[in-house]
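Hi everyone, thanks for making time.

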There are 2 protein chains.
Amino acid sequence: MKRLIVDMDDVLADATGQFINYYEKEFGVRIERSVLNNKNEGEGFPDNHSTLREFPYRKNFFRDMEPNPGSQEVMEKLNRKYEVFIVSAAMEFPQSLPEKLEWLGQYFPFLNWKQFVFCGSKAVVYGDYMIDDLPHNLERFNGEKYIFTAPHNMHINHFKRFQDWRDIESQLL
Amino acid sequence: MKRLIVDMDDVLADATGQFINYYEKEFGVRIERSVLNNKNEGEGFPDNHSTLREFPYRKNFFRDMEPNPGSQEVMEKLNRKYEVFIVSAAMEFPQSLPEKLEWLGQYFPFLNWKQFVFCGSKAVVYGDYMIDDLPHNLERFNGEKYIFTAPHNMHINHFKRFQDWRDIESQLL
């Protein structure tokens, strides 16, 4: 069985949507997702960047994210064909650790806690395929690297790309 | 720089001592450490095995552990010579995740959160050396495997062994 490493924020979970929601709640302005295209993470928002950087430290920021469309159904199928590990660089946000565990239990109940990895650097994991939205996570990986489309990575051209979960389904299943 | 993977419970931290402390508080009997020798984890205690299995789910069980003698001083030196990752199979105990992070911050402040990995299975990490007290963590590792002496592994003979942190110091430094 080939080993597949899957990221959480902006792959399984709609982290960008959560930033947009928090920004709206805080500042009363709803930012269009497309405004964030081709900008580095956080930099697409018009202003208030220091507050934006605080959002991930707030209680329930990670717990209340929505799963990305198709992620649950496609992950259930992938989990039968691959040795799946969910690997999240969560260590920067201590309160996110139990929240992420609960979140996975809620939306991906067919996965086992033995498949979860919360780390600081993904350089320590190995496998055959990695799906991630952040280039620096992919760069040190030994296997095949796939970038998962998010506004902040649309300008990155040196990885194979999955546009969305339907794309993963058609290419990996 | 060679990569060194180091376990927490019963390697950095005196988990066995914490079980003995909790057992004494609960049942009024102080178990000698040597009574636990050559018995599988938990099985050396005379009775109350089901309560024993609950201890790791209790608040502060992991937060209040003592570091093993010499672990802090030797880790600080190892951290200059090796690419160190602290890898703990913590996912079974959700409340342990922030506790372990705080514990590492208190006793190993020279380590960075980028060096921490909390996982369900250690099969997903790779490196040059792994130090662990549990045979099943070592078995799927690709590099050199070292068992760290704890009462529950004294009867295991098929790994190289570190008796204590002084032994690590003399062999790896």
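Predicted model: local features only at pLDDT ≥ 70, side-chain atom pairs only at ≥ 80, totals over all residues.

Residues are numbered from 1 along each chain as its sequence is written, chains are lettered from A and ligands numbered from 1 in the order in which they are written, and side-chain values use heavy atoms, with hydrogens and water left out.

Okay, chain A first. How many helices and strands does chain A have? Six helices and six strands, where helices (H or I, at least four residues) and strands (E, at least two) are DSSP runs, numbered from the N terminus. Going along the sequence, the order is β-α-α-α-β-α-β-β-α-β-β-α.

Now the overall dimensions. The C-alpha trace of chain A spans about 50 × 35 × 30 Å along its principal axes. Its radius of gyration is 16 Å, which agrees with the value near 16 Å for a compact globule of 173 residues. That radius is taken over C-alpha atoms, and the globule rule is 2.2 Å times the number of residues to the power 0.38.

Of those 173 residues in chain A, 55% are buried. Buried means under 20% relative accessible area, exposed means over 50%, and partly exposed is in between (1.4 Å probe, protein chains only). As for contacts (heavy atoms within 4.5 Å), take those in chain A between residues at least 6 apart in sequence: 65% of them join residues at least 24 apart.

Let's move to the strands. In chain A, strand 4 covers residues 129–132, and Y129(A) and I131(A) point one way while M130(A) and D132(A) point the other. Which are they, buried or exposed? All are buried.

Strand 4 of chain A has a parallel partner in strand 1 (residues 3–6), with three bridges between them. Strand 5 (residues 144–148) also runs parallel to strand 4, this time with four bridges. By the way, two strands pair if DSSP finds at least two bridges between them. Keep an eye on M130(A): it is the bridge partner of I5(A), and M130(A) in turn has K145(A) in strand 5 as a bridge partner.

Over in chain B, strand 4 (residues 129–132) has Y129(B) and I131(B) pointing one way and M130(B) and D132(B) the other, all of them buried. Strand 1 of chain B (residues 3–6) runs parallel to strand 4 over three bridges, with L4(B) opposite Y129(B). Strands 4 and 5 of chain B are parallel too, over four bridges, and there D132(B) stands opposite I147(B).

D10(A) isn't a glycine, yet its phi is positive, near 65 degrees. You'll find D10(A) in the loop between strand 1 and helix 1 (15–27) of chain A. D10(A) counts as buried because its relative accessible area is 6%.

The other one is N60(B), also not a glycine, with a positive phi of about 75 degrees. N60(B) is in the loop between helix 2 (49–54) and helix 3 (71–81) of chain B. Its relative accessibility is 27%, so N60(B) counts as partly exposed.
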